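My plan is to go from the whole chain to single residues.

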Amino acid sequence: MERKIVRRGGIRSAGYDRNSRELEIELDSGAIVRHSGVGEEIARRFLTSAAPASFYKDNIEEEYPARRVR
């Protein structure tokens with residue numbers, strides 16, 4: 001999955017796979033978390049947000065199942 005650079009609010013990069021509906025977030029710590037079942041509109045809004053960390057905490061973090069991949 002290709003991620004785009006974010007570098008704001010503790011998020012280093014993020015990417016979305018439309019086919020698997022997975023959103024992958026790389027944190028400044030180097031950890032990578034993958035959320036499943038994320039709709040394309042939510043992912044688009046997150047990736048284009050002026051405050052991605054706030055959007056993530058408010059709309060994704062507790063709403064979608066996650067697993068740490070690194």
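What percentage of the 70 residues in the protein chain is buried? I got 41%. Buried is under 20% relative accessible area, exposed is over 50%, and partly exposed is in between, with a 1.4 Å probe and protein chains only.

**Ground rules.** I am working on a predicted model, where local features need pLDDT of at least 70, side-chain atom pairs count only at pLDDT 80 or more, and totals for chains, interfaces and linings use all residues. Residues are numbered from 1 along each chain as its sequence is written, and side-chain values use heavy atoms, with hydrogens and water left out.

**Whole chain.** I looked up the elements next. The protein chain has 2 helices and 5 strands. Along the sequence they follow the pattern β-β-β-β-α-α-β. These are DSSP runs numbered from the N terminus: helices are H or I with at least four residues, strands are E with at least two.

Then I checked the dimensions. The C-alpha atoms fill a box of roughly 25 × 25 × 20 Å along the principal axes. The radius of gyration is 11 Å, which agrees with the value near 11 Å for a compact globule of 70 residues. That radius is taken over C-alpha atoms, and the globule rule is 2.2 Å times the number of residues to the power 0.38.

I also looked at contacts, meaning heavy atoms within 4.5 Å. Of those with a separation of 6 or more, 38% join residues 24 or more positions apart.

**Surface and charge.** The accessible surface comes to about 4300 Å², and 42% of it belongs to carbon and sulfur atoms. I noted the Shrake-Rupley method with a 1.4 Å probe for these areas. I count 14 positive and 12 negative side chains, with the centres of the two sets 4 Å apart. Lys and Arg are positive, Asp and Glu negative; His and the chain ends are not counted. Each charge is placed at NZ of Lys, CZ of Arg, CG of Asp or CD of Glu.

**Core.** How many residues are in the largest nonpolar core? It has 17, and I11, L23, I25, V38, F46, Y56 and I60 have the most contacts inside it. Two or more residues each come from β2 (11-17), β3 (22-27), α1 (40-47) and α2 (52-59). The largest share, 4 residues, is from α1. Such a core is a set of buried Ala, Val, Leu, Ile, Met, Phe, Trp, Tyr and Cys residues joined through side-chain atoms within 4.5 Å.

I followed F46 further. Not counting residues up to four places away in sequence, F46 touches I11, A14, L23, I25, P52, F55, Y56 and I60.

**Loop between β2 and β3.** I find R18 here. R18 is exposed, at 56% relative accessible area. R18 and V6 are 12 residues apart in sequence and 19 Å apart in space, C-alpha to C-alpha. R21 is also in the loop between β2 and β3. R21 is partly exposed, at 41%. Its phi is near 60°, a positive value in a residue other than glycine.

**R7.** I checked another positive phi. R7 has a phi near 50°. R7 lies in strand β1 (residues 4-8), and counts as exposed at 63% relative accessibility.

**P65.** My last stop was the loop between α2 and β5 (66-68), where P65 is found. P65 counts as exposed, at 54% relative accessibility. Which residues does P65 touch, not counting those up to four places away in sequence? I noted R34, H35 and S36. P65 and E22 are 43 residues apart in sequence and 9.9 Å apart in space, C-alpha to C-alpha.
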